[in-house]
Amino acid sequence: QVQLVESGGGLVQAGGSLRLSCAASGNIFKINAMGWYRQAPGKQRELVATITSGGITNYADSLKGRFTISRDMSKNTVYLQMNSLKPEDTAVYYCGATLYRIYWGQGTQVTVSS
């Protein structure tokens, strides 16, 4: 099993930035990939960005250029740097880790005011 703890969400004005963190613990050596997903009210959870154990990144097309996923392997932590935030980025952001199934963190709220 893997445990994930997200942090870094909050309220920010449009055009601002936030950095989310996701610290993993447990069976981390079996993690194939980690990523960020988000779910806005009334919408399905959607992919934001992922990073594989080999460091390959993938982004939702609509977010390329504004969001950056990175990791610090010494801290077992994945980050999501979000710049030029827009009100439509408002959502609960979840960290996910893929082993034989995906494990989820508890989520962190990001609210972007106009």
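Colleague: Is R38 buried or exposed, and what is its relative accessible area?
Modeller: This is a predicted model, in which local features need pLDDT of at least 70 and side-chain atom pairs count only at pLDDT 80 or more, while totals for chains, interfaces and linings use all residues. Residues are numbered from 1 along each chain as its sequence is written, and side-chain values use heavy atoms, with hydrogens and water left out. A residue is called buried under 20% relative accessible area, exposed over 50%, and partly exposed in between, using a 1.4 Å probe and protein chains only. R38 therefore counts as buried, because its relative accessible area is 9%.

Colleague: Which residue forms a salt bridge with R38?
Modeller: A salt bridge is counted when a side-chain nitrogen of Lys or Arg lies within 4 Å of a carboxyl oxygen of Asp or Glu. Here the closest N and O atoms are 2.6 Å apart. The partner is partly exposed, at 37% relative accessibility, and this partner is E46.

Colleague: D89 also forms a salt bridge; which residues do salt bridges with shared partners join into one network?
Modeller: D89 pairs with R66, their closest N and O atoms being 2.8 Å apart. This pair links distant parts of the chain, 23 residues apart, since D89 is in the loop between strand 8 and strand 9 and R66 in the loop between strand 6 (57–59) and strand 7; strands are DSSP runs (E, at least two residues), numbered from the N terminus. D89 is buried at 1% relative accessibility, as is R66 at 13%. Through shared partners, the salt bridges join into one network R38, E46, R66 and D89.

Colleague: E6 is buried yet has no salt bridge, so which backbone nitrogens does the side chain of E6 reach?
Modeller: E6 is in strand 1, and the nearest side chain of opposite charge, R45, is 7.5 Å away; in this count Lys and Arg are positive and Asp and Glu negative, with His and the chain ends left out. The side chain of E6 reaches one backbone nitrogen at 2.9 Å, that of Q106, which is in the loop between strand 10 (102–104) and strand 11. At 2.8 Å, it also reaches the backbone nitrogen of G107.

Colleague: What does the search for disulfides find, and how many residues apart in sequence are the parts tied together?
Modeller: A disulfide is a pair of cysteine sulfur atoms within 2.5 Å, and the whole structure has one, which joins C22 to C95 with an S to S distance of 2.0 Å. The torsion about the S-S bond of C22 and C95 is about -80°, so this disulfide is left-handed. Because C22 lies in strand 3 (residues 18–26) and C95 in strand 9 (residues 91–98), the parts tied together are separated in sequence by 73 residues.

Colleague: Which residues touch the most other members of the largest nonpolar core?
Modeller: Such a core is a set of buried Ala, Val, Leu, Ile, Met, Phe, Trp, Tyr and Cys residues joined through side-chain atoms within 4.5 Å. The largest has 32 residues, and those touching the most other members are L4, M34, W36, L80, M82 and Y93.

Colleague: What is phi of N76?
Modeller: Most residues other than glycine have a negative phi. N76, in the loop between strand 7 and strand 8, is not a glycine, yet its phi is positive, near 50°.

Conventions. Helices (H or I, at least four residues) and strands (E, at least two) are DSSP runs, numbered from the N terminus. A polar contact is a pair of N or O atoms within 3.5 Å; within protein, one must be able to donate a hydrogen and the other to accept it, and residues adjacent in sequence count only if both atoms are side-chain atoms.
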